[in-house]
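Colleague: Could you take a close look at one part of this model, the packing of paired helices, and walk me through it slowly?

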Amino acid sequence: MDDQHGIDCGCEEYNELSRRQFITASAGVSAAAFFPAWLPKIVMSNHYASNRDIIVSVFMRGGADGLSIAVPFADPNYYTSRSTIAIPRPDSSAATKGINLDGFFMFPQAMTGNAAGTGGLMPAYTATDLLIVQATGQLNNSRSHFDAQRYMEVGKPVDPNLVTGWLGRHLASMPPIKSDALLRGIGISNGLQKTLVGAPKTLPIADPTKFSIGGSDATQPQRIAFLQGDYAAAEEPMHSSALDATNTVALLKSVNFTGYVPANGAVYPNSSFGRALRSVAVLIKNDIGIEAAQVDIGGWDTHSGQDPLAGSMFNTMRDFSNSLGAFYADVIATGLSVTVVAISEFGRNVRENGSQGTDHGRGTTMLAMGKGIKGGRVLVKGAWPGLARENLEQGQDLKVTVDYRDILAEIVQNRLANPNLGVVFPTWTPTMLGVTR
Amino acid sequence: MRMTTRSGAAVSGNDERQDEVSAPDAEQEPALTRPSRRSFVFFGALAAAAVLPGRGSAQAVRRKRIAPDSPGTEPLAGIQPNEMVGAFAEWDSGATRLVRRVTLGITPAEVQRVNSMGYQGYLNYQLNSSRIDDTAVENTIAAKWPLMSQSSDTLFSADAGQVQNQLRESTIYRSAFSQRQLHQRMAEFWSDHFNQDLDKVGYLLVGDQRDVVRKNALGKFADLLKASAHSASMMVYLDQNASRNTAPNQNYAREIMELHTLGVDGGYSQNDVAELSRVLTGWTVIGRGQFVFRPELHDWGSKTVLGVTIPAGSPSLGQDGIKEGEQMLDLLISHPSTARFIATKMLKWLLTPSPSETQIAAVASAYRATNGDIKAMVRAILNETWLPASPMKLKRPFHFLVSAMRSTNANVTSATTLSNSLTNLGQQLFAWDTPDGYPDKIEYWAGNVLPRWSFATTMSNFNSTTTVAVDTTAYRAGSPDAAVDLMDQNFFGGEMPLVTRNGLLSYLKAGTFNDTRVRETIALAISANAFQWY
């Protein structure tokens, strides 16, 4: 599949080729069919990066406690703020001690798969392909899950008129990687996540392994024809989704999900997140032209009984890191051009509450992973803002020092080769922090 | 669009929603230009014309126009979802529009009823739900799903999986076959409004659904909110039972304002959340699901919520400490933001995804005039002027499944298969884990059309006396034309769009006219675009 994604192609030529194909293909229909009319003027890049990554976007829904993911063990206020839910220092003798990352931050064992610190996301970190950004999030300080998620997914806060998602606008403003792709984007979900709204040839598919209208194979073509006719005059968005669905049925039927053997002995957890990433890996490797996938993982709203050492959040983090660790070994470590990002709507209060949990806060962590990511480090912009009460936002929360769009915009520009940052993140002027290679 | 509740960012309380910190770059200020909705539709039409054989574009032309909700208002700048989908031209009767809106699926019997009672008479009939005899359905439920009438103590000892299954299956059955259809529609609405995750609360949800949601679905909002605030299930779901005076848990205090009463822009601050969480300390659950106030867990200090100060009390007040919270519930119930928030949300559920300012004001006024009488609000919303002019709404998967049962008059002996199907359709009951409830947005559900087609295929083949049976005898009794006519009457209230009629007829006639072909045609009718809307 490498050549299909331009990895080995040397690139100017590939880009010219792919543009040409795109133009030829569109001649039969009309250019308007590829670029929705609502898109503002966009620039067609003719200087693509040496390759163009596929992006897998992960949303950690519920407000992930970044202080339990990349734990600032060297900040003593971490321990004084969390009397029952702190991760022991890496140099302690506790069985549940953390795994040192850089002398200041550590992973809890849930993130490294085991006490030796050799599983989960640790191999990606060690190979410098995993970047952790700490004290990040969004500048808008809503503590409502639903507002905060919406603003993040849309890519611009507080604008009731913008309903497409940042990833949806990315796909809408770029020609397809494969000009004849039937399915460019997929949301592993029952409904399309806001992140992807506006994307052409994109469907929510909860389980790509079971995408069929059922019934007799003999009559299926006729029944599909009925549906195409019946929905031909349907209004958007029903029209496109029905049409895309009829096309995708045959496409996914040709993909062998059940017999798939992951590379490098990778083992995906049999969790909904693990199965979702496995399906995404299969789709990527089948080279059908998928260029964006949105995958969600819940369970981060840890108001009570958080227990990152052995309980609720431990299990969530372990699922998260083992699933992404498997995806790393299976896909990224094999050299495929794929970038993964993981974000959450906000972090949680620095001080734990009375239920051994934490309430809604502000700054948290985000992750970026790929061969094109300058990883193997925990990125903090400027000095660590600190967890002493006087350094906290409203006296309670880790400050947001990096807007998540700064990280995403650099990836969109340098890894996804999309020069239209003003379309993807309207009104935002990103500060590039050097997160890509 | 026209999200009036969100328009006043400045009103949004002390979250101090600053828009952006850095100055927007003028060059990047996007020309995310208007009027995108029209363009979206236009784009769709273009693609359709290009890709598909030329069928049925006349239908789009014949679709009714939706009048702008406030004259002279252009669609707002930006990219709009296409949520104002005009009704099919065939949907020309206000009476059948009403049946579609107040039921979970049109049937010939309901059409006949509205025709004999008239629009207003039928609405009154459905509103006075307690006068509708529903004993047949309730008797069946009592026999098939006996745990549903049990107390928490009994449910605690019952098999947890059994409790979950019975709750889901009985809810499907009641929604499909209760004569009190508007009551079911509103129970579904409040079930989302006070959403809880069955995985987290377990058997406690049985009592919440029965004694909070269904009991008050067409009653007073004040009673409903108070019942919810005293529901063991809600306390557990939003961690109120884990809140302590020494360290309050803010989860319930936040959501009761954000989701249950004021709305996110209703004028409360993070500080109000913190203070209300202190007021509510002591509200908890004991035993196997009994709500109690525990004075020893209450924070007796002085608090100020929404500008109202509660003076410091003392532990000697004991049970009287709960009055602080009761006072706050009354404050929330009578708050003008609550009237607007509930009015807007009910308008979206019953009338239009984009209610106008006039509509919101009228329904909020009905709320204030009647102390939150839900029937009065429904009456204000479903008037004979607004409803026929309203856009269509997309059935959510649950609604879709239930309407398919109603339209095919399926004989449901066991609802287990149906409940499992809801998982594939994307809306297993009581499984939405965040407190905002299942979305009621076209753009969320529209992409997920294939599982509906798949379910239609499956259900059209139901023919089991122990699970579900769809009887096709009547469809096979005459000609293919008569069969499609019958589908029109049963599934579409006699208002099947022409494109669907032609498609079904040609499919049916292209094969041997037998049970297999008829069932496939029924599946296609259920899969058709027009069946997805109400």
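Modeller: In chain B, helix α25 (residues 480-492) packs against helix α26 (residues 498-509) at an angle of about 140°, and their axes are 10 Å apart. Here helices (H or I, at least four residues) and strands (E, at least two) are DSSP runs numbered from the N terminus, and axes are lines fitted to C-alpha atoms, for helices over the stretch in contact, with angles from 0 to 180 degrees between N-to-C directions. This is a predicted model, in which local features need pLDDT of at least 70 and side-chain atom pairs count only at pLDDT 80 or more, while totals for chains, interfaces and linings use all residues. Residues are numbered from 1 along each chain as its sequence is written, and chains are lettered from A and ligands numbered from 1 in the order in which they are written.

α25(B) and α26(B) are therefore oblique to each other (under 35 degrees is roughly parallel, over 145 roughly antiparallel, 65 to 115 roughly perpendicular, the rest oblique). On the α25(B) side, P480(B), D481(B), A483(B), V484(B), M487(B) and D488(B) meet R501(B), L504(B), L505(B), L508(B) and K509(B) of α26(B) (contact means C-beta atoms, placed from the backbone, within 7 Å). By class, this contact has 7 nonpolar, no polar and 4 charged residues (nonpolar: Ala, Val, Leu, Ile, Met, Phe, Trp, Tyr, Cys and Pro; charged: Asp, Glu, Lys and Arg; polar: the others, Gly among them).

The buried residues in α7(A) are R223(A), F226(A), L227(A), Q228(A), G229(A) and D230(A) (buried: 20 or more other C-beta atoms, placed from the backbone, within 10 Å of its own; exposed: 12 or fewer; partly exposed: in between).

Within chain A, helix α7 (residues 220-230) packs against helix α8 (residues 238-253) at about 165°, with axes 9 Å apart. That makes α7(A) roughly antiparallel to α8(A), and their crossing is left-handed. I224(A), L227(A) and Q228(A) in α7(A) meet A242(A), L243(A) and T246(A) in α8(A). The residues of this contact are 4 nonpolar, 2 polar and no charged. The loop between α7 and α8 of chain A holds P237(A), and the peptide bond from E236(A) to P237(A) is cis, with omega near 5°.

How values were computed
Contact = placed C-beta atoms within 7 Å. Left-handed = near helix turned anticlockwise from the far one by under 90°.
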